[in-house]
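Please keep the structure in view while reading.

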Amino acid sequence: MAGSKDQDVIELLLVQHEQIRALITQVRTETGDVKREKFEDLVRLLAVHETAEEEVVHPKARRKIANGERVVDARLNEESQAKDELSELYDLGVDHSEFDTRFAALADAVEKHASHEESEEFPGLRQAMTADQLQKMAGAVRAAEAVAPTRPHPAAGESAAAQMLLGPPVAVFDRVRDAVRDWGKTNKGS
């Protein structure tokens, strides 16, 4: 994940939202292997990003911001739906005839989700927490992302407890699978 150690959690997440938007654009405009690679990059980024939000950001927002329960429950519902669709799209593959149509719907949902976080959750956190707390929270997000699964696992649930319990073993499996896939790409024809 990109970001400096001086960033606070909101700055870090906003940078990631821009990376997600850029990857969505690339998936929409590319073809073939490049499209597949950009989609895999997007899947990986969304999986670790959402896991970290579920473990670190949403629990804090639930307690600290006005209407935290309502705001966070709505975000978790959006994330659950996106995980289901992202998982189905991953299984479908970028070459499937339905991919582009279904991806467009997912991209729209992801954009709305990010906009809701940026307008409802992030300002409340900025108001309720000190700059030092927000900076420390960025460190917690980076740590959560380092051990997060790299693919959506809808059956794992969205709660922080479920992510912390199931996330690390699933992440190891995902990261081994990623390494084998990447090795296979670099060693074609060897």
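## The interior of the chain

In this predicted model, the largest nonpolar core has 20 residues, and Val9, Val57, Leu125, Met137 and Val141 touch the most other members. Two or more residues of this core come from each of helix 1, helix 2, helix 3 (68-92), helix 4 and helix 5. Helix 5 gives the largest share, five residues. Apart from this core lies another, of 17 residues, which includes Ile24, Val94, Phe103 and Ala107.

Which residues does Val9 touch, leaving aside those up to four places away in sequence? They are Val57, Leu134, Met137, Ala138 and Val141.

## The chain as a whole

The secondary structure consists of six helices and zero strands, so that the order of elements from the N terminus reads α-α-α-α-α-α. Of the 190 residues, 43% count as buried. The chain exposes about 9,600 Å², and carbon and sulfur atoms supply 56% of this area. Among contacts with a separation of 6 or more, 76% join residues 24 or more positions apart.

## Helix 1

Helix 1 covers residues 9-29. At 1.5 Å a residue, its 21 residues should span 30 Å, and the end C-alpha atoms are 30 Å apart, which agrees with that expectation. At the start of this helix, a side-chain oxygen of Asp8 comes to within 2.9 Å of the backbone nitrogen of Ile10.

Several residues of helix 1 are buried, among them Val9, Ile10, Leu12, Leu13, Ile20 and Ile24. The polar residues Gln16, His17 and Arg21 of this helix are buried as well. The cover over the buried residues of helix 1 includes helix 2 (32-64), helix 4 (99-128) and helix 5 (131-146).

## Confidence of the prediction

The chain averages a pLDDT of 83, and 77% of its residues score at least 70.

Over residues 167-181 the pLDDT is below 50. Beyond near neighbours in sequence, this stretch has 28 contacts in the model. Where pLDDT is low, the predicted coordinates should not be read in detail.

Technical notes. Residues are numbered from 1 along each chain as its sequence is written. This is a predicted model: local features need pLDDT of at least 70, side-chain atom pairs count only at pLDDT 80 or more; totals for chains, interfaces and linings use all residues. Side-chain values use heavy atoms; hydrogens and water are left out. Helices (H or I, at least four residues) and strands (E, at least two) are DSSP runs, numbered from the N terminus. The expected span of a helix is 1.5 Å times one less than its number of residues. Buried means under 20% relative accessible area, exposed over 50%, partly exposed in between (1.4 Å probe, protein chains only). Contact means heavy atoms within 4.5 Å. A polar contact is a pair of N or O atoms within 3.5 Å; within protein, one must be able to donate a hydrogen and the other to accept it, and residues adjacent in sequence count only if both atoms are side-chain atoms. Accessible areas come from the Shrake-Rupley method with a 1.4 Å probe; for residues, only the protein chains shown count as cover. pLDDT is the predictor's confidence in each residue, from 0 to 100. A nonpolar core is a set of buried Ala, Val, Leu, Ile, Met, Phe, Trp, Tyr and Cys residues joined through side-chain atoms within 4.5 Å.
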